[in-house]
Amino acid sequence: MKINPGFLNLKDRYLFALIGQKVREYTAQNPSQEIIRLGIGDVTLPLSPVVVAAMEQAAEEMGRAETFRGYGDEQGYPFLRQAICRYYAGKGVNLTDTEVFISDGAKSDLGNILDIFAAENTVLIQDPAYPVYVDTNIMAGRQIKFLAGTVQNDFLPLPSPDLEADLVYICSPNNPTGAVYSREQLQQWVDWALDREAVILFDSAYEAFIQDPELPTSIYEVEGAKRCAVEICSLSKTAGFTGVRCGYTVVPHELVREGVALNELWFRRQTTKFNGVSYIVQRGAEAVFTPEGLQQTRESIQYYLENARLISSALEELGLWFTGGRNAPYIWLQCPGGMGSWEFFDYLLHQYGIVGTPGAGFGQQGEGFFRLTAFGRREDVLRALERLVTLSL
Ligand code: PLP
C-alpha cells in the first residue's frame, strides 16, 4: 500500500493558522485593544429575504408526502439549471441547461474537475492566486508553471507566444488582487488556448461584483471561449451562500479534446461521484435568479462595494499603490516603506489593531503586498479607516 505522494508535497496551510496565532498572542498581551478584521474572505450580511422564503417553502414541501423529494438529478434540478441559463442569456451568452452542472460550491468543483484531465498535463497558475489551484494540482502530482502578476502588468498577466501549458486557471475578478481582465485581454487568453488546444478553467466566483459594463462577467462573452473554457462559479459571494453551499460549473458541448466532449466526461464523473445538492438549497439558489432575488443580492453587493470604495479612497489619501476594490471585494496594496507582507501585518496589528492578510500567503509574487477585504460590517470598516488614516509611513 502506498499513499498518494502528492499529499507529502503540500506546504502546511499555515497562513490563516499563523494569522490566528499572532492575533491571539497580541490580544493576550493587550486585552483592552479592540481588533478589527479586514482580512476575512467570508461574507457578513445575512441571506436575502426572497432566498429565505424559498428555502422555508422547500423545507415545508419536504415534510409533506405529496411533495417530498428524494434523490434529484446529480447535475442539479432543471428549474435551477434553466434559471442559470436565463441569467447567462441576460449577459448575451446562450447556454443549454445540459451545459450547466449544479455543485455545492466552487471549491469542490475546482478540485473535482481535475479528475477528467490526465496527470501528465502541465498546469499554468497565476501567482498570486487562490491557493486551491496550487494545492489540488500538487495532490494530483501535476507539473505546475507559474505566471507572475506584478505591478507592471497590473496583476493581469497575459500569454506570450512561447508560453506552453495544457490547463490554465484564470480568476477574474481575482482573489487576492481584485484585478479584472478586460474583454480584449481575455480574448488573448482564449486565442492562446485555442491555438494550443489548452483548456482554461475560468473561476468567476466574484463576477457579480463587476459594475463596469465594459468588463466581461463570463468568459463566454469572448469569441471562441466555448471551445476552450470551463467556467466555475459560486453563489457564496454573490448571494451570501458561504454557509448554504451552492455553485455551478459550465461545460459547453462545443468543448472537445482528443475527439471527446468534456461535457460528457464531466457528466460521467458527477453521476459517479456526486449525488447532487439538496432540494432546499437549490430552491434558495433559484430564488437568487428571480428579479426580486437579483435586486436583493445586488443591494448586498453594493454594500460591500461601498466598503471597498471607502477603503480605496483612504489608501489613495495615504498615497499607497493598490489595485482592485472597484469591480471586486478585494483590495491589494503594496506594503509601505518596502515592508514585507508579514512585517506589515505585524505593524498593522500592533500599531492599529487591524488584521489583514499578508500577500505572501498567495504565492511568491505576493511578498511585499497585502490583501484587505470589503466583506466586513460598515461600522468596522469605518473604525478601521479612522485608525488607518493616521498611518505614519
Ligand atoms: N474561487 C475563489 C477565487 C474564491 O475566493 C473562493 C472562496 O473564497 C472560491 C472559489 C470558493 O467558493 P465556494 O464557497 O463556492 O466553495
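Let me start at the ligand: one of its oxygen atoms sits 2.6 Å from an N or O atom in the side chain of serine 234. That counts as a polar contact, meaning a pair of N or O atoms within 3.5 Å; within protein, one must be able to donate a hydrogen and the other to accept it, and residues adjacent in sequence count only if both atoms are side-chain atoms.

Before I go on, a word on the source. This is a predicted model, where local features need pLDDT of at least 70 and side-chain atom pairs count only at pLDDT 80 or more, while totals for chains, interfaces and linings use all residues. Residues are numbered from 1 along each chain as its sequence is written, and side-chain values use heavy atoms, with hydrogens and water left out.

Back to the ligand, then. Tyrosine 206 places a polar side-chain atom 2.5 Å from a ligand oxygen atom, and for arginine 245 the corresponding distance is 2.8 Å. In total, 15 residues surround the ligand, with Ala106, Asp203, Tyr206, Ser234 and Ser236 the closest; to be included, a residue needs a heavy atom within 4 Å of the molecule.

Now to the helices, and to H9 in particular. Helices here are DSSP runs of H or I with at least four residues, strands are runs of E with at least two, and both are numbered from the N terminus. Two packed helices are described by the angle between their axes and the distance between the axes. The axes are lines fitted to C-alpha atoms, for helices over the stretch in contact, and angles run from 0 to 180 degrees between N-to-C directions.

How do H2 and H9 pack? Helix H2, residues 49-62, meets H9 at an angle of about 150°, with the axes 8 Å apart. So H2 is roughly antiparallel to H9, a label for angles over 145 degrees, with under 35 being roughly parallel, 65 to 115 roughly perpendicular and the rest oblique. On the H2 side the contact (heavy atoms within 4.5 Å) includes Val50, Val51, Ala54 and Met55, and on the H9 side Ile280, Val281 and Gly284 are among the residues. By class, this contact has 12 nonpolar, one polar and two charged residues. Here Ala, Val, Leu, Ile, Met, Phe, Trp, Tyr, Cys and Pro count as nonpolar, Asp, Glu, Lys and Arg as charged, and the others, Gly among them, as polar.

Helix H3, residues 78-89, also packs on H9, residues 279-288: their axes come within 9 Å and cross at roughly 25°. That makes H3 roughly parallel to H9, and this crossing is left-handed. Phe79, Leu80 and Ala83 of H3 touch Tyr279, Gln282, Arg283, Ala285 and Glu286 of H9.

Do look at arginine 283, which lies in H9. Its side chain makes polar contacts with the side chains of tyrosine 279, at 2.9 Å, and glutamate 286, at 2.8 Å. Beyond its neighbours within four places in sequence, arginine 283 is in contact with Ala54, Ala58, Arg69 and Phe79.

Finally, the backbone. Most residues other than glycine have a negative phi, and most peptide bonds are trans. The bond from serine 172 to proline 173 is cis, with omega near -5°, and so is that from asparagine 175 to proline 176, with omega near 20°. Proline 173 is in the loop between strand S5 (167-171) and helix H6 (183-196).

Terms used:
Left-handed = near helix turned anticlockwise from the far one by under 90°.
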